[in-house]
Amino acid sequence: MQNKIPTSKRARGAVVGKAIFKIGVAQSKGVVKRAFMSKKRKEESQKETHEEIAKVIIESLGTLKGISVKIAQQVALGLPFLPKEYLDEISKSFNSIPPINRALIRKIIKQELGAYPQEVYESFDTEAFGAASLGQVHLATLLSEKFAVKVQYPGIAKSIDSDMAVLKFALTRFAKGGNVDHLIEEVQARLHEEVDYEIEADNTEYFYKNLKHDLIVIPEIERQYSTTKVLTSSFLEGRSFKEFLDSNPSQEERNHYAQLIFDSFFIGLYHIQMIHADPNPGNFIFMENKKLGVIDFGCVKKLDDDFLTSFSKLHVSLMDKLPDEEITKQYAELRMIDDDTPKKMLEFYQEVIKPLDRIYIEIFNEDFYDFKENSDFSERGFNIIMEVQKKSITAVHNMNEEYIFVDRTLLGYYAMFEKMEACIDTRFAQRLVRY
Amino acid sequence: MKVSQSAKERTKIKILESAVELMTIKGYKNASLREIAKEAGVSNPTIYNYFPSKEKILYFYIEQKLIETSQILQNIEDFNTYTLREQLQTLIETQLEFYLEDREFVTQIMQMAFTPSMGTMELIYEAKEKFMEMVSEMLEIAIEAEEISEPPFKEYMPQLFWDYNIAVVAYWIKDDSEMFENTTQFIDNSMGVVEALLHSNILQKANDLGLFMFKTHMLSGLQKFSTKQSGFSKIKRKLGEVLNAK
Ligand SMILES: Nc1ncnc2c1ncn2[C@@H]1O[C@H](COP(=O)(O)OP(=O)(O)O)[C@@H](O)[C@H]1O
């Protein structure tokens, strides 16, 4: 029974209700206990409470499974102020979609594409070769060419709203009166987009047509063989991130691929104004002839001119080490610092934001950045984020969402480069930032 | 002889199709054999020859869909590499796919089946032979291939699975979710239970929670569907023995 995803309204309602009830208990226990505690113990207890709440949330998401993986990704990207305990618990729920067996695959393909898999495709491998967060990926051929067919487990889309109800309840409590509604709405809207493989197909085609780089390969979508729940794209053959690292690649190879990943991000940002916002090693395929395959455009972010202009201006100012007062002004323009007296605004910058942008800008201080020498980069980054979170929670919901997205994604890439022990050349990116 | 056989078959199917259409429009009760004959373009004596009563048409419908289902399964190239669960699940799903084309008609059958006075349930049970045969064969093969060990009530398994099948159809009739996604999940989830039951030695050992679930939920649930038919009382007796033995 552990594969059960209750979706009938009553069943889901019951599970959601149970979770909300449990959260209430976990919180009040913490509050009662804390009333009698020393300050130090208080902090620990708060952490315990968070852990407990996170567990309850995940437990209920676990029963509702469907969407929890995507929620985890989205929450991590969209709600950066969330305590680590939450993110840890959420990410534990990875890969919780039940496998789609052959009986079910037949049904889904027939329903979505009008005929059984063996009739639709020239050949169709009934054993999945890849696990997707909401389903699985099968190898198929059409006109002797290989294709990856991503198939979604049924009933995911409709489980989003009730799952988010649980999360919203929990986060509202955590944010202590801070308003998380718009963030929840944003995450929810993104989730609805993400479960719709047609949107992913659009995004993939956009990258395919626009991102021009000799060594970057983006799959081609077969529209006639794709629906909201089935996505057929050309199969990119190569090694996974892990296989690549396990093969003990030379320093040159490491640098080469890290560089491609890094550059592709900035090409996306500045040339086509859309970034692949899911910095997961699984989305890169290390192909032959030094080529890099990029897959999974389910999570992308469009960026407009206004944002790019202020983002560049800010980064140039940071790189050029302009005075804090000037930087503060720019953050205010990005709506990341509330209007207040200049003194208060400067204080907020120095206390909350500066530690963060120090770490982001560190990469650009020189022409090269060696992640082998700075192997603690992402840990430092994470700790700083944690520190900042402790200081201020109420301010974060003002954060410019695009800005968070871009920096979060970069941080994700840097964590990969660290594992790759690569050294990257930042000159191309710097040129783009400076226009 | 063979040619005339298949001509006969064809006429029978033609009558069936006309009946399904007419009953979908007018309702089972309001469609007379006479009208059905007219619609199918056969004479009155002919139709009585094929179907002495309207109920026989229902019986034939269920049987016919099972024959078509079985043909589909036979055409699945690697069907013999499917696990028992996959085979059973494909059986249920494929049959449901045929029912989908005649959903309104099937709804009528089911409604009648659940109206105690109509006695249709018995009728549906008469149509189950083909189904039980298929399930039996899948089970035998799985046992022989040592995919599962021989369950203690092997001879009742096809019957139980038929009951389950009726439960699935009943669920589907009530399902108003988009593309009947709820039914898809219901089948996938409940087949998980069926699979667990078949694979574990719950049935042999009969001493853990699984059997409790099986006993309290499945049996009481299924009893509703089984009426006076089947070897249910026997199964229960057997189960009782197992339970008491522990
Ligand atoms: N076009 C493709 N070529 C090769 N492998 C693919 C392709 N699409 C998906 N895969 C494999 O399937 C896995 C899951 O696909 P992905 O699109 O990342 O799923 P998700 O929906 O979780 O984002 C990938 O990690 C990869 O191994």
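Biologist: Where in chain A is confidence lowest, and where is it highest?

Modeller: This is a predicted model: local features need a pLDDT of at least 70 and side-chain atom pairs 80 or more, while totals for chains, interfaces and linings use all residues. Residues are numbered from 1 along each chain as written, chains are lettered from A and ligands numbered from 1 in written order, and side-chain values use heavy atoms, without hydrogens or water.

In chain A, confidence is lowest in helix H1 (residues 9-34), with a mean of 40, and highest in strand S6(A), at 98. These figures are pLDDT, the predictor's confidence per residue from 0 to 100. Helices (H or I, at least four residues) and strands (E, at least two) are DSSP runs numbered from the N terminus. Chain A as a whole averages 78, and 69% of its residues score at least 70. Residues 1-39 of chain A stay under 50, yet the model gives this stretch 68 contacts beyond four places in sequence. A contact is a pair of heavy atoms within 4.5 Å. Residues 393-397 of chain A are also under 50, with nine such contacts.

A nitrogen atom of the ligand lies 2.9 Å from a polar backbone atom of Ser234(A). A polar side-chain atom of Ser233(A) is 3.3 Å from a ligand nitrogen. Gly282(A) uses a backbone N or O atom, which lies 3.3 Å from an oxygen atom of the ligand. The ligand taken alone exposes 550 Å², and the protein buries 84% of that (Shrake-Rupley, 1.4 Å probe).

Arg223(A) lies in the loop between strand S5 (216-217) and S6, and Asp202(A) in helix H9 (residues 197-210), so the pair ties together parts of chain A that are 21 residues apart in sequence. Over all chains, the search finds 26 salt bridges.

For comparison, chain B has a mean pLDDT of 79, with 74% of its residues at 70 or more. Within chain B, confidence is lowest in helix H13 (residues 232-245), at a mean of 45, and highest in helix H5 (residues 84-101), at 94. The predictor gives the complex an ipTM of 0.73 and a pTM of 0.75.

Key
Polar contact = N/O pair within 3.5 Å; in protein donor to acceptor, adjacent residues only side chain to side chain. Salt bridge = Lys/Arg side-chain N within 4 Å of Asp/Glu carboxyl O.
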